[in-house]
Every structure is written in structure tokens, then in C-alpha cells.
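Colleague: I am new to reading protein models. Can we go through one together, one feature at a time?

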Amino acid sequence: MPDVQSTVLEFVNKLRKRKIEGSQSTAKCTVEILRSVISQQRVPHSNQASALIDAVKAVGEQLVAANPVELAVGNVVRRVLHIIREEDLSLATAAMAGLDLLDASDDDGEDDNCRGVGYSAMSAAVAAAAARSTLRPPSLQTLLEGTPESAAVPYTSSSGADSESKTADKSSITRKLKHDVIEGVNHLILEISGCHEQIAEQAIEHIHQNEVILTLGSSRTVLEFLCAAKEKKRSFRVFVAEGAPRYQGHLLAKELVARGLQTTVITDSAVFAMISRVNMVIIGAHAVMANGGVIGPVGVNMAALAAKKHAVPFVVLAGSHKLCPLYPHNPEVLLNELRSPSELLDFGEVSDCLDFGAGSGSPLLQVVNPTFDYVPPSLVSLFITDTGGHNPSYMYRLIADYYSADDLVM
Amino acid sequence: MDPRRGPLAVPKVRRVGFFTSIEPSPETPRPNRSLSGPAEAITSSSPLSDSPSGQFISPVQIPPSRHHSDNLASRAAPVPVPGPSAFRRQLANDRTLHVGSYNPVDSLLGTSPPSSNGEVSEDSGSLFGFQRSDSAKLSASFPNGGFDMTVAVRAPGESEAKVATASTSDGRKKNVEASGESESVATKPRKEKETRSLKEKTSKAERRAIQEAQRAAKAAAKGEGSKRAGESSRPKPSKPAKQPQPKKEAPQVTSSVSEKRAVSVEKERRMDVPQTQMQYDDKSRVDKAKRRSVVEQTESKNKVELFLHLPQYERGNQLPNLSSNIFTLDTIHHAVYKVGLQHLAGDIAGDNARCIAMLHAFQEAINDYTTPPMKDLTMDLTAKINGYVSFLIECRPLSMSMGNAIRFLKNQIRKLPVDLSEPEAKASLCSEIGRFIDEKILLADKVIVQHAVTKIRDGEVLLTYGFSCVVEMILLYAHEIGRKFRVVIVDSRPNLEGQKLLRRLVTRGLDCTYTHINAVSYIMGEVTRVFLGASSIFSNGTLYSKVGTACVAMVANAFSVPVIVCCEAYKFHERVLLDSICSNELGDPDAIANVPLRNNKKHSKTMDNNKNLQFLNLMYDSTPAEYISMIVTDYGMIPPTSIPVIVREYRREDLLL
């Protein structure tokens, strides 16, 4: 236990100091830590699910607080919670199917469901519809309660199968929950690390010969996506906006060139000038909000507006760990992060004309260096996630598959 | 209007800009005026009270230009417009001008406060300054002229012109007596009607008599009162930099010449106007040009395919070589050569600065010029200038405004009277160039500042992009007169001109926020106005400016923030442009490749010779007109749709240049 505690603290520190960058690596680290939390958590005989949930929540809150703008952390924590709930539920249903009612789990499920009912009728209805569509035969409980927990997820079937096979030995059910959960989390890890390939596989459907693609920022997903198309013998050219204060576009350009793509680096200011000759804008998202809005590297909104003006498709690549169940409010400010002014302006350059006298009122000079940019859903043409392409308007539904409504507020 | 009508057809009213007509009198179509001008003019009879109070000239006012016709017409815009005869009279004035009699009274009036019947000397230098300082009075004085209505009728003939001249000089005398008088507009509509009906009935002479009587009565009645009021209510901005005196012969010369060739000039201009850029993907022409060129540019190895039609050269390697033979070169004047090198090295930045430097160099070159024996000054000098220009183009592609300035100079050379001796011709040219600089650039900037500052209110957050000297002047002036506002400076790589502006503003004590262009949509939420500079504005309203301007304008538009473009009218261009690809300039790609990253500085350098990697350093982009709310020029504040109007109307009479 102290072991886990220290790794959590270490990770929290890293997050706080922004040592970890990129939502994918953050997500991966978070899942791994949560897995170890789960495996170390001593499970009480009764009410094990809630014990696990509490433990994960406690750690998750720490992690989220460490870097609230890194939405991937919160997403992953919610995903893990969802896994726990779902495993619990499937065990419970299995148990019910076997007419072997275990007080503890049933109570727990009841408990959850009571809370779940408190949520909007919409999500319940949606979840009920989803539950019907899953492979699992609709149990009495899902039909009656229509809980969001039973919403479909890619590995529902597998976990369902798991639980099916394991309902036989009901004696080991106490240990099985944790085991199932860890298995589910492992699935999640695989999914996160494999999302690039999943997304890149679809590249060939979206990129045609002689296409001109504009991208900005440095995203591994975009890199893989473009390279996948290149490997399939498509020849196209890429414009990369350099991404001013951090120049991540240069890094991306370098890697693209190393893989043999025709790459042109342009300044960020030339985005509008060039967009008229671009066939498609492809960017990697930092996070995708439930309304279909995108948080991306700074400058993305400009590119999206320009793309809209010239009717150029604006495609966002996002792994499922970037799907955030929250609806944004004033995301340009609230979900943003201001970095050091020194990236923009050398202090020495203006220090001589600044007035440092006391009582001179507000500082004369402010330097604004935000990290992220928000693109409203109306500017996005398509999301490509590891489950396929989706409209911005569909994102809320996709997101509802991955999270349980109980966890939205952590 | 219709070019076939000839230059002296019924004068037209140029009403560009916004009009603050508080009581818009109904459009009264006048059957006897088939032509657009006068009928339009009456419609904007705004009361005098509307004329700018206090320190600002009316935002709707179109400053006068050099010619009478324009003076009256354009100034008429915001103020009670006198009705058709004013234009008639104006026409008459034009006539006197064309005849070539230089009337000293003209210049006298031009420099002094305007006469009550709204006449101003066409002498250039004073006009903007005059307009600025006297706008209140100007507008006040206008209605008086309005009762000149019946002076002339249609079909301008020589005799009529004389009559009109007489009448105007009459008016002038009266003005000297009771200069600056004004009158309330209350009586105006009635009188207008009266006169209008009068005109239908009475003969020319009768009408004139009536009108003279009216004017005399008014002059007696009004006295000095309003003049004082006008004077006290307005501050005196700085005097115009240049007074018109040295210009005496110039207008005469130009007008008499243009009189003769009025039609052919139009055609000629058509011919020489589109100095279309050389297309650099045309192999044979490029080779030809290269053989002649002074500057040996090495073509860059890694060209961007989309921009093969633009010159893509390696930078910086030919400069020492060139600067060494500055004195050995005989084909190019050393002043021009120096400016060319400065352009090449990027020592002069900013369109105005480049243009002024170029004109000064030409001035010097013309001063040192002697016509070779057996040659014609006009022809030879034009050829010389052409040589200089092509040298400058080799150094760095000309900006649109420089192109306009060169066209102006060539026009001036062409218009030189043949009987002028060489020193006279040279002096005339030099003074014309000086006038161009003073009037079209420096004074225009001042006028723009005066206009634009009316759009800055307390508590505003103004955003500007890059470095524009006009915008800087506006901000500093607004700060000077005590406006409280905050400035957001948006900057972009690779030039980072915004830092220069930031420095200057912070030193002067302005509240500044500095950010880069990517963050523009972050900061735009708090911005209330966007001020942009311009390199050129095309006649479809497209703004051609430093790259990134379009992005800023677009984001501002998305956030419903008004975009105000500040641009001197000499930068207007009659070309049209849709995108930023066809016409542009490419900067040094290395400027982009070199990234100020601390850890991996060289990551791009190592890839330099990979043919798959290109760096594109675009210098300009074009902003569609729909993103521009308003253009502030020396002719007033206009929407982008009025650019072709200004270009067409003013260019035709050589007013723009």
C-alpha cells in the first residue's frame, strides 16, 4: 500500500510540474497506476465493488487535481470506474441468472442504481436502448432499471463471456470481481496504446492521391495516420504549421520527412493563405468534449475557421481515451493553460522600458501564451476515433458508451 | 461614369464614406438632371449641428483632393449639400484652372481658412491639413455656397465658364469680407426648394442675379458669429507639413496637358497600369531577365511547387559582393543602388518607409540627371527610371504601393511640357515627388490618425497585428489625448515585428498585452476593436497585407469584433485578387527553418538538403473584403466596397496619385 501511495504521489508531482505531456502517455500512466491501486486494494468480503470504486476515486481525484486541464486523466479514471461498475453488474446479473443472490453485491447494485436513477432521464433511456442492443441477453434488472452501467462497450461481450464462464464457480466470486476488473483495465491499456494503429488503419479511406493536407501541432496519431496512408502508396503533400511558441510542427515535419513524405513547413500566420489550396485539415485532438467540441493545440481554432471559410474538411483524430464526458463551458479560458511568457518574449528585450516602480498600478505588459485552443463542434467535419468515423453530433452518444453517468462528477 | 462623355461632362458627386444625415430628406428625383451627381447631392442635407463638435472632424467627411471638383463634391458629402449649382460653379472653377490662369487668390484662400462659399485652392499640400483643422467651419460655411445654385445650367460652354468664373470671384470677394460665416440649416430645405423651382422658370442670368442677392443678404445677416463658435470648439491639430507655395506651376502643367490628352491618357494608363509581375515559371523570360540583371541571385534549391511563379532565391550571399561595387556601377544611380541594397538586406521594412526611400532616391537621381545629347528628356528619363525599377525589383519585389508611386512618377515625366528647360523639368519633377511624399504619405497618415482616433473610446481593448506605423501613430495619438485603452499586440514569426511596436508602446506608457498569432482566438474574446495596417487594398476590397492579417481579421469576424483597416489611399490598386497564392512574395526560408528552440536547435538544419522538406516563408496574404468592417483612408472612412469607387473616380483625374 505505501508502495502505491508513493508511486501515486510521484505521478501527481509529475503531472503538476507538467513533466508528462501528451494525452496518450498521461492516460497510459494513469491506467497503470490505477491498476496497481486496484490490485493492492484489500477487498472486503462484502461490498467489494464500492470499496474498489472508493479507492480508485480517491486516487483519481488526486490525479485530476494535479493537472485539471489534462482531461485524459479524468477520462481514464472514469473509464476504470466504469469498468468496475460494469464487472460488478455483470457478476450480479450472472448471480441473479443463477438464482444465487448474494446480498452484498445485490445491495451494492441497488445502491448504485438508486443513484443512477437520479440522473437525467435521457441517459437512462439511451442506456436502456444501448443495453438492448448489446449481445448480452437483457436481464430483468437491466430492463427494469435501465442503468447506464449496462451500456455497450467494445469489451462488454468479452467480459460478459468471461463472467458467463465464471458463473459456474460461485464460490470464487469474491476474488473474481477484482480479477475481472484488472482484466478490464488491461484491456483499456491495450486499447490506449493501440489506438494509433486503429486510427491509422482508416487513413486509406480518407486520403486520396495528390491530396494536400494541412496539419498543425505535433501529434503522434496524425503522424501514424499520414504514414499509414503513405505506406499504402498514396502520394500526397503535407503542409505543417509550425505551431509558434513551441514549434512542435517542426518536430512533426522532421518525422514526416524521415518517413518520406513531401512536407512543407509554413508559419502559423500563413494558414489562411494556404488553406485555399488544401484539401483537408487533419489535426490530433488534445481532448474531445461531449458536445463534439475539440480541445487542440493552440492555433487550431484559426485553422478550423479558415477551413470552414474555404469549405475544407476539418478532420480530428482522437483515441477513445480523449473522449471527455464533460460539456465545456468557456473552454478557451477554463480548459486552458498559460505557459511561460519567456517562450514568446525575452525578458531582457523589454525590461528596460518596464516600470517597476511600486504603486504604478497594474503591470503595463502582459504576455499571453496559452497552450490549447477550443474548436466548436460546428467547425469540425469529422472525428476519426479507434471505433471509426463519427459526426460531432454523435460524440455524446459515443461517450455515453464509455462512461457511467455516476462518474461524471468526480 | 461614362468615359465617352469626356472629361468635362457634368461633374459628378463623389460621395464615398458614411453619411450622417440626421434628417435624410427624401430622394427627390429631378427630371432635368439625368446625371447622377446633383440629384444625389441634395439627398444628404444634414443639419449643421451634425458637423463634428469638438476635436474631431466628422468621421464621415471625405477630405478634399486636389481638384476643385473633388473638393466640393467630396466635402459636400457630410455637410448640407448645396444642390446642383454648386457643382456647376465648381465646374467653372475647373475651367479657370484649365485655362491656366493661376489665381493668387486661390492659394491665398487655400492656406487661409476656407472661404464661405466653400472654395478652396486646389493646391495640394494644404488641403488635408486645412480640412482637418477647419472641418467645423468648413461644414458650417458650406450652405452658403448652396445658394449659388442657379449659376450655370447644363451644356457647359466657354462663355458660361466665364460667367461662372465671374460669379465665383464675386463670391470670393464677399468671402474675404465675411469669411467663415455660416448659417443654420434650418432654412435650407425651403430655400433649396425655392431655388429649384426658380431654376425651372428663370433664365440663367435671372437666376444668377437672384442668387447673388441671396448671398449678399446672407452675408450681411450672418456676420462673424458662427465663425468664432467654430473656431473655439475645435482644437488646432498640427499644421500641415508643407504649404502649397512651391507647387505653383505643377497643377497648371498637369491640367493643361491632361486637357489635351484626356482620352488618350486613359487608354495609355490602361496600357501601363498592369505592370503584371513576371511569372517566374516562364523559363525563357526568366533567363532573359537574368542576363540583364545586376543582382546575381542564386535560385534556391528547394522550391515550393505551388509558388514556382514567384522568385525563390537564396538570400544573403550576394550582398557583400554588391555593396562593394556601389561606386563602380554606372548604369544605376548610387542613391537608387543604395536603396536597392537596403531592400535586399531588409534594412528598410514597412511599405511606407520603402516607398519613401525609393522616392527620395529617385529624387536624387533626377537631380543628378542630365539629358544626353540628341535625346528627349521624357523618353530618356523614363527609360532610366525603368532601369532603376527593374534593379529594385531584382533586389526585392516591389510592393503595390511602390508600384503606384512609380506610376505616378512616370506620369509626371510624361506630362512634362515639351518646352520646359531641363533644369526646370527636373525641379518640377523633384518637387512633385516631394509633394507626393508629403501629401500622399505623411499627411495622409495624419488624416488617418485623426479619423481613426474617433473610433477609440475609453476602456476599449484594441488589437493590432504586427507593426504598422499608421496604427502605431493612432495608438500613440489616442494615448496622448487621454484615451484610456489597452492594446493587444499579436505577433508572428519569423519577423516578430510586433516586438518593435510593443517596445515603443510600452515605453510611452501604454498598457500592452503581447501574444502570438496562434493565441489570437484566445485573446479575441476580450478585444473590442481590431486595427490593421495594409500593404495595399485591391479594387475588389481585398486587403493585401502582411501574412497573418487575414487570420486575425477572420478570427475577429468570428468573434464579431469590428476590423478597421488603416490604409493611405495611394496604396489602393485597381487590380483584383482572390487568393494569396497568385500574387505574393516569398521571404527567406531559412528564417523559418531556424527555430529558437533551446534544446534541439538544429533539428531542421540537418534536414536542409532533404528534397522532401521545404520551408515556405510567405510575406503577404489577402483578406477577403467580408472580414473588413471599415477602411480608414485619407479620403475618410469607407467600407471596402467603396475602394473601386475611390480608385476609379480619383484615379481618373490623377487625384489619387
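**Reading the interface and the cores**

Modeller: Start with a pair. The side chains of Glu242(A) and Arg493(B) form a salt bridge, 2.8 Å from N to O. The term means a side-chain nitrogen of Lys or Arg within 4 Å of a carboxyl oxygen of Asp or Glu. This is a predicted model: local features need pLDDT of at least 70, side-chain atom pairs need 80 or more, and totals for chains, interfaces and linings use all residues. Residues are numbered from 1 along each chain as its sequence is written, chains are lettered from A in the order written, and side-chain values use heavy atoms, without hydrogens and water.

Colleague: How many salt bridges are there between chain A and chain B?

Modeller: Three.

Colleague: How many residues of each chain are in contact?

Modeller: Contact means heavy atoms within 4.5 Å. Here 59 residues of chain A meet 63 of chain B.

Colleague: How much area do the two chains bury between them?

Modeller: Buried area is the accessible area (1.4 Å probe) lost when two parts are put together, summed over both. Chains A and B bury about 4800 Å², with 62% of it on carbon and sulfur atoms.

Colleague: Which residues have the most contacts inside the largest nonpolar core?

Modeller: A core joins buried Ala, Val, Leu, Ile, Met, Phe, Trp, Tyr and Cys residues through side-chain atoms within 4.5 Å. Buried means under 20% relative accessible area (1.4 Å probe, protein chains only). The largest core has 89 residues, and those with the most contacts include Phe314(A) and Leu463(B). A second, separate core has 42 residues, Phe391(B) among them.

Notes: Buried means under 20% relative accessible area, exposed over 50%, partly exposed in between (1.4 Å probe, protein chains only).
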